[in-house]
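Please keep the viewer open as you read.

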Amino acid sequence: MAPHHLPFYLAPESGTDTLMVVMGVFLIAAVLWVGTLYWKLHSLPERMAHKSQKLQFEFVAVLGLISLFTHMHIFWIAGLLLAMIDLPDFGTPLRSIAGSVERIAEGAPTADGQDLRTGSDIAMPPAGEPDSAAKEPTHA
């Protein structure tokens, strides 16, 4: 049979198999595409938590890494669920309460009765008038 009658997918005499080269390039491109798709899917919970500024972002990221290295999909599912849930922010109100309590504690009198505060925020009675506590009669 003459070489010009052979099908295109058979290698010519030069030894270059065109179909094998095309399929090799296609295989490499397909592996890279599937790998990229896998990484995007795997980082989905982390991207969701980061985009919405969730408090549990670090925890979701750690769950994603654990699922990556252990191949246990339950960690990925837990991270996805945690990224979708809005946890209430208890830290901000508690920090505000702690700051208010510190300001109150700074103004509390000491054991010897002297006020710890200094400056213009202290309302002192005039020097000539006695305290209002001294004016009240005692019921003894």
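**Notes on the core and its surroundings**

1. The largest nonpolar core consists of five residues, namely Ala49, Val60, Leu63, Leu82 and Ala83. A nonpolar core here is a set of buried Ala, Val, Leu, Ile, Met, Phe, Trp, Tyr and Cys residues joined through side-chain atoms within 4.5 Å. Helix 3 (57-70) and helix 4 (73-84) are the elements that give two or more residues to this core. Buried means under 20% relative accessible area, exposed over 50%, and partly exposed in between (1.4 Å probe, protein chains only).

2. A word on the basis of all this: the model is predicted, with local features needing pLDDT of at least 70 and side-chain atom pairs counting only at pLDDT 80 or more, while totals for chains, interfaces and linings use all residues. Residues are numbered from 1 along each chain as its sequence is written, and side-chain values use heavy atoms, with hydrogens and water left out.

3. For the overall picture, the protein chain has six helices and zero strands, where helices (H or I, at least four residues) and strands (E, at least two) are DSSP runs numbered from the N terminus. Buried residues account for 12% of its 140 residues. The chain exposes about 11,900 Å², of which carbon and sulfur atoms supply 69%; accessible areas come from the Shrake-Rupley method with a 1.4 Å probe, and for residues only the protein chains shown count as cover. Of the contacts (heavy atoms within 4.5 Å) between residues at least 6 apart in sequence, 41% join residues at least 24 apart.

4. With twelve residues, helix 4 reaches 17 Å from its first C-alpha to its last, close to the 16 Å expected at 1.5 Å a residue; the expected span is 1.5 Å times one less than the number of residues. Which residues of helix 4 are buried? They are Gly79, Leu80, Leu82 and Ala83. Seen down the axis of helix 4, these buried residues fall within an arc of 165°, so they line one face of the helix; the arc is that of the directions from the helix axis to the C-beta atoms. The face turned away from that buried side carries the exposed residues His73, Ile74, Leu81 and Met84. Cover for the buried residues includes helix 2 (44-51) and helix 3.

5. Leucine 63, one of the core residues, is in contact with Phe75, Ala78, Gly79 and Leu82, leaving aside its neighbours within four places in sequence.

6. Glutamine 56 sits in the loop between helix 2 and helix 3. Glutamine 56 counts as buried because its relative accessibility is 7%. Its side chain reaches the backbone oxygen of leucine 82 at 2.8 Å.

7. Serine 67 belongs to helix 3 and is buried, with a relative accessible area of 7%. The serine 67 side chain reaches the backbone oxygen of glycine 64 at 2.8 Å. Not counting residues up to four places away in sequence, serine 67 touches His42, Met72, Phe75 and Trp76.

8. Most residues other than glycine have a negative phi. Histidine 71 has a positive phi of about 60° although it is not a glycine. At 61% relative accessibility, histidine 71 counts as exposed.

Technical notes. A polar contact is a pair of N or O atoms within 3.5 Å; within protein, one must be able to donate a hydrogen and the other to accept it, and residues adjacent in sequence count only if both atoms are side-chain atoms.
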